[in-house]
Amino acid sequence: MNNDIDQMVNWFRVRSNQQMQELDADELSRAKVSQLLYYVQGICVVVYGINAFTDDLVAGEHGVMIPAVERQYAGETGIVGYISSEDQADYDYLASIQQFQAILACVWQTFGHLSAIDLMEMVQCDQPWAETLPGEPISTELMEDYFKDKVIAKIKTDN
């Protein structure tokens, strides 16, 4: 898969924008999208045996951080803003890849209703984050083992 991280962030921004319009939902935050992308990466590694993206997932002080997302949205909390035609094109492109759309939609359906704080608290209970030193990349192998045993089983029982 190895799609560009910006495309995936835009997929979540567009979904958040849709939900904000339909349900008066809260705006997607930088912290929340990073936690959601952690789940996308872990599920993709287990289901397809490959990374969804090449950017590192770093063990931050309170959860997962992605340096590229931190740089792109530095100083911003809400990241939806204006959805451009390019943002929508990224969403449409990823939605056209059936297997990837399934993972993104599953993560959004399973975790999208949770706040950034709720997601960070969940991640802090996850072995990959807990066993990684702050500021270090989270091991894909550690994520694969953990997601295979814990997260995929949880999603199956929740859905």
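Does Met65 count as buried, partly exposed or exposed?

1. Basis. This is a predicted model, in which local features need pLDDT of at least 70 and side-chain atom pairs count only at pLDDT 80 or more, while totals for chains, interfaces and linings use all residues. Residues are numbered from 1 along each chain as its sequence is written, and side-chain values use heavy atoms, with hydrogens and water left out.

2. Met65. At 32% relative accessibility, Met65 counts as partly exposed; the classes are buried under 20% relative accessible area, exposed over 50% and partly exposed in between, with a 1.4 Å probe and protein chains only. Met65 is found in strand β2, residues 64–65. Helices (H or I, at least four residues) and strands (E, at least two) are DSSP runs, numbered from the N terminus. Not counting residues up to four places away in sequence, Met65 touches Ser34, Asp56, Leu57, Val58, Gly60 and Glu70, contact being heavy atoms within 4.5 Å. Leu133 lies 68 residues from Met65 in sequence, and their C-alpha atoms are 13 Å apart.

3. Nonpolar core. The largest nonpolar core has 45 residues, of which Phe12, Leu37, Tyr39, Val40 and Val107 touch the most other members. Such a core is a set of buried Ala, Val, Leu, Ile, Met, Phe, Trp, Tyr and Cys residues joined through side-chain atoms within 4.5 Å. Two or more residues of this core come from each of α1 (5–23), α2 (30–48), α3 (67–72), α4 (85–95), α5 (98–111), α6 (116–125) and α8 (140–158). Helix α2 gives the largest share, eight residues. Leaving out residues up to four places away in sequence, Tyr39 touches Val107, Phe111, Leu119, Met122, Val123, Asp126, Phe147 and Val151.

4. Helix α2. Of the 19 residues of α2, 14 are buried, so this helix is largely enclosed by the rest of the structure. At 1.5 Å a residue α2 should span 27 Å, and its end C-alpha atoms are 26 Å apart, which agrees; the expected span is 1.5 Å times one less than the number of residues. Just after α2, Gly49 takes a positive phi of about 75 degrees.

5. Aromatic pairs. The structure holds eight aromatic pairs. Rings of Phe, Tyr and Trp (its six-membered ring) pair if their centres lie within 6.5 Å, and planes under 30 degrees apart count as stacked, over 60 as edge-to-face and the rest as tilted. The ring centres of Trp11 and Phe12 are 5.1 Å apart and the planes stand at 85 degrees, so this pair is edge-to-face. Trp11 is buried at 1% relative accessible area, and Phe12 is buried at 0%. Ring pairs also link Tyr38, Tyr39, Phe111, Tyr146 and Phe147 into a cluster.

6. Salt bridges. How many salt bridges does a search of the whole structure find? There are three, each defined as a side-chain nitrogen of Lys or Arg within 4 Å of a carboxyl oxygen of Asp or Glu. In one, the closest N and O atoms of Arg13 and Asp87 are 3.0 Å apart. This pair links distant parts of the chain, with Arg13 in helix α1 and Asp87 in helix α4, 74 residues apart. Both Arg13 and Asp87 are buried. Glu70 forms a salt bridge with Arg30, at 3.1 Å between the closest N and O atoms. Glu70 lies in helix α3 and Arg30 in helix α2, so the pair ties together parts that are 40 residues apart in sequence. Glu144 and Lys148 meet at 4.0 Å, N to O; both lie in helix α8, four residues apart, about one turn of the helix. Glu144 is partly exposed at 27% relative accessibility, and Lys148 is partly exposed at 45%.

7. Cysteines. The disulfide count comes to zero, the rule being a pair of cysteine sulfur atoms within 2.5 Å. For Cys106, the nearest cysteine sulfur is that of Cys44, 12 Å away. For Cys125, the nearest is that of Cys106, 20 Å away. Cys125 is exposed, with a relative accessible area of 64%.

8. Gly112. This residue sits in the loop between α5 and α6. At 4% relative accessibility, Gly112 counts as buried. Its neighbours within four places in sequence aside, Gly112 is in contact with Lys32, Leu36 and Val107.
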